[in-house]
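Visitor: I am new to this structure and would like a close look at one part, the salt bridges. Could you take me through them slowly?

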Protein chains: 2
Amino acid sequence: MMLDSLDTPAALVDIARLKRNIDAMQRRMNALGVRFRPHVKTSKCLDVVQAQCRAGAQGITVSTLKEAEAFFAAGITDILYAVSVVPSKLPRAMALIEKGCRLKLVVDNVNAAAGIVAFRQTAAEPLEVWIEVDTDGHRSGITPEAATLLEVGRTLAAGGVTVGGVLTHAGSSYDLNTPEALTALAEQERAGCVRAAQRLREAGVPCENVSVGSTPTALMATHLAGVTEVRAGVYAFFDLVMHNVGVCAIDDIALSVLTTVIGHQPEKGWVIVDAGWMAMSRDRGTAKQARDFGYGLPVSSDGTVMDGYALIAANQEHGIVARTGGVGAEAGAGSSEDLERRFPIGSKLRILPNHACATGAQFPAYHAVDANGEVATWGRFHGW
Amino acid sequence: MMLDSLDTPAALVDIARLKRNIDAMQRRMNALGVRFRPHVKTSKCLDVVQAQCRAGAQGITVSTLKEAEAFFAAGITDILYAVSVVPSKLPRAMALIEKGCRLKLVVDNVNAAAGIVAFRQTAAEPLEVWIEVDTDGHRSGITPEAATLLEVGRTLAAGGVTVGGVLTHAGSSYDLNTPEALTALAEQERAGCVRAAQRLREAGVPCENVSVGSTPTALMATHLAGVTEVRAGVYAFFDLVMHNVGVCAIDDIALSVLTTVIGHQPEKGWVIVDAGWMAMSRDRGTAKQARDFGYGLPVSSDGTVMDGYALIAANQEHGIVARTGGVGAEAGAGSSEDLERRFPIGSKLRILPNHACATGAQFPAYHAVDANGEVATWGRFHGW
């Protein structure tokens with residue numbers, strides 16, 4: 001299948017860029033002397049995850065038990081389910097463990113830890129749990145110096161549950177945009193997680209693994225002393241949010257949405273395309289960043305980034321491409337005649353997404369494009 | 001299956017509310033003397049659409065050819081594909097028509113009309129096309145007085161393509177919030193579309209159908225003289241955006257996301273739940289309305305709307321429920337101890353969505369709940 005024959009909208013993966021992103025991250029982790037455990041919530045796609053494993057990843061991170069089930073069925077056994085678990089989800093987790101999955105669960109509170117201990121009494125197999133540490137206040141986890149940290153560790157250990165490690169995710173890195181701030185947050189993430197592990201060990205709770213990561217901090221950390229593994233997800237595709245954060249070039253973005261021009265509103269300078277929010281997602285992550293790309297940045301069919309244009313608005317199956325007055329907007333390109341000549345009905349564009357995790361989730365499959373324009377279908381799954 | 005046994009997050013449909021919404025709209029359309037053609041892009045679910053048809057709907061509206069294919073396969077033959085078509089999509093449309101689907105296509109420009117005429121020359125079956133009219137400037141279509149309207153009509157008619165009617169969608173109704181403004185826009189939508197039909201007829205182009213609609217204008221129109229049918233979609237579920245527009249009560253909202261409390265950050269007053277943006281969608285449609293519900297409005301397990309709380313933030317699989325200081329926030333309910341007592345680990349909430357079309361699309365199936373709490377699985381599809 002060739003690119004020209006695709007129905008639109010379609011989610012395209014540029015295979016060369018994907019491989020470059022995967023290899024660059026793995027090389028970085030190798031140089032820093034840590035294992036790398038990619039977060040597969042970004043792609044939910046076996047082809048992408050197999051490429052990550054071939055590059056050297058050791059184990060994967062998942063955000064749902066469905067991801068764990070899907071990738072375990074494909075042969076991946078070392079899986080970290082990085083969302084705080086509650087007792088009602090334990091039977092489903094145990095079903096995987098009984099089949100041979102080395103599934104690690106996560107908690108950040110005493111009540112859930114006690115529920116796991118209670119479940120463990122009647123479970124067929126041992127359970128391994130990692131404790132979530134909060135190193136930047138952005139969401140979940142226990143702060144490194146909190147009394148709760150030891151309480152959770154002791155509750156688990158005393159109840160016969162293996163405390164496998166600590167993990168943290170400095171998600172506030174998405175709000176930064178300078179190398180200095182990102183490097184400082186990476187060090188804060190590292191130091192906080194290492195400190196939590198130290199406190200557990202000093203209290204007699206074993207804590208083998210120290211797991212940190214977000215795409216920005218993984219790419220900006222200068223050293224990772226005491227860390228055993230790093231997690232990151234969106235780096236495989238990258239996106240406009242990551243570009244604004246400052247950790248990728250536009251030309252690194254491997255995911256885009258192929259769309260067709262279906263109309264014009266010439267007096268407004270609008271080009272109507274068939275990529276609306278159902279294709280792009282409703283993610284407006286660049287809205288609060290230095291450069292707002294609307295619902296995405298158009299790339300012409302010859303591969304040129306259409307700087308100065310954006311997908312300025314989106315309905316369910318309609319998007320509006322228009323000039324934003326940004327860098328590179330040529331004089332006169334907005335006139336009615338030019339608009340219809342530059343964007344003829346039926347012509348195709350690609351739109352780079354704000355947030356690859358959200359845009360990918362709108363599609364049942366990716367269309368992976370190689371250097372010759374040949375297209376392979378890579379399935380992805382959704383739901384829980 | 002009972003509600004208590006569901007894994008979270010899950011998309012719940014309250015069957016009683018759904019039926020009430022469907023019946024109320026159909027009664028209104030019957031009273032106004034027009035046919036009703038529901039837009040099935042909201043639910044993409046056969047169970048919902050069959051309920052709409054049983055209530056009296058005549059034909060359906062779709063936003064993608066995949067919807068047309070799915071509902072035609074289920075026995076629905078009268079289908080309006082309400083997004084401007086381009087020639088590359090005609091073979092797929094024709095495949096449906098050849099099987100007996102009475103598919104109506106839409107255009108709003110001369111180039112696409114000419115492409116349809118060219119395709120028609122070699123097509124096995126006749127083609128019916130409706131012309132999209134722009135009555136409020138919010139997106140696509142041709143304004144009622146534009147010369148292009150007649151040009152498109154004549155191009156189609158001269159080329160042997162049936163001009164079946166005109167349609168318009170006053171999508172800017174979503175930006176309004178008073179009965180007066182909505183009623184005025186409904187009249188503008190009606191008058192503009194009727195005028196376009198009149199101009200076509202006067203020019204000798206047949207134009208049998210005059211199709212208007214959006215949920216707010218459908219619910220606020222006072223008369224529909226000259227209109228033959230109305231389209232609306234989100235009315236079946238309703239949502240917080242529609243509540244802010246003023247066309248439904250909170251208790252009319254039939255779609256919600258069932259979620260489990262997985263953690264707390266007591267010093268911040270945060271309750272962490274397992275409904276993040278993957279479950280709710282990234283839709284922040286209430287952000288620019290009179291009342292901003294964040295990513296959704298929580299409802300407690302006993303059915304009480306938790307006024308004063310919202311899903312204030314969302315990561316992929318984490319949501320943060322917290323007080324917003326809105327109506328009904330009791331003094332003291334935010335203290336650390338109260339927070340963990342009111343929202344115990346493992347307890348469940350439901351979150352009402354900003355935008356039902358976007359939230360529904362995140363799920364492979366709905367869980368439809370009847371008055372006894374029994375749950376049926378209603379499949380839905382996604383993709384193109």
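Guide: What follows is a walk through some of the charged pairs. This is a predicted model, in which local features need pLDDT of at least 70 and side-chain atom pairs count only at pLDDT 80 or more, while totals for chains, interfaces and linings use all residues. Residues are numbered from 1 along each chain as its sequence is written, chains are lettered from A in the order in which they are written, and side-chain values use heavy atoms, with hydrogens and water left out.

Side chains of opposite charge can pair when their charged atoms come close. Over all chains there are 36 salt bridges, each being a side-chain nitrogen of Lys or Arg within 4 Å of a carboxyl oxygen of Asp or Glu. One of them joins Arg37(A) to Asp78(A), at 2.9 Å from N to O. Arg37(A) sits in the loop between strand S2 (35-36) and helix H2 (46-55) of chain A, and Asp78(A) in strand S4 (residues 78-81), so this pair ties together parts 41 residues apart in sequence; helices (H or I, at least four residues) and strands (E, at least two) are DSSP runs, numbered from the N terminus. Arg37(A) is buried at 2% relative accessibility, and Asp78(A) is buried at 16%, where buried means under 20% relative accessible area, exposed over 50%, and partly exposed in between (1.4 Å probe, protein chains only).

In chain B, Arg20(B) and Asp252(B) form a salt bridge, at 2.9 Å from N to O. Returning to chain A, salt bridges with shared partners link Arg37(A), Asp78(A), Lys104(A), Glu128(A) and Glu229(A) into one network.
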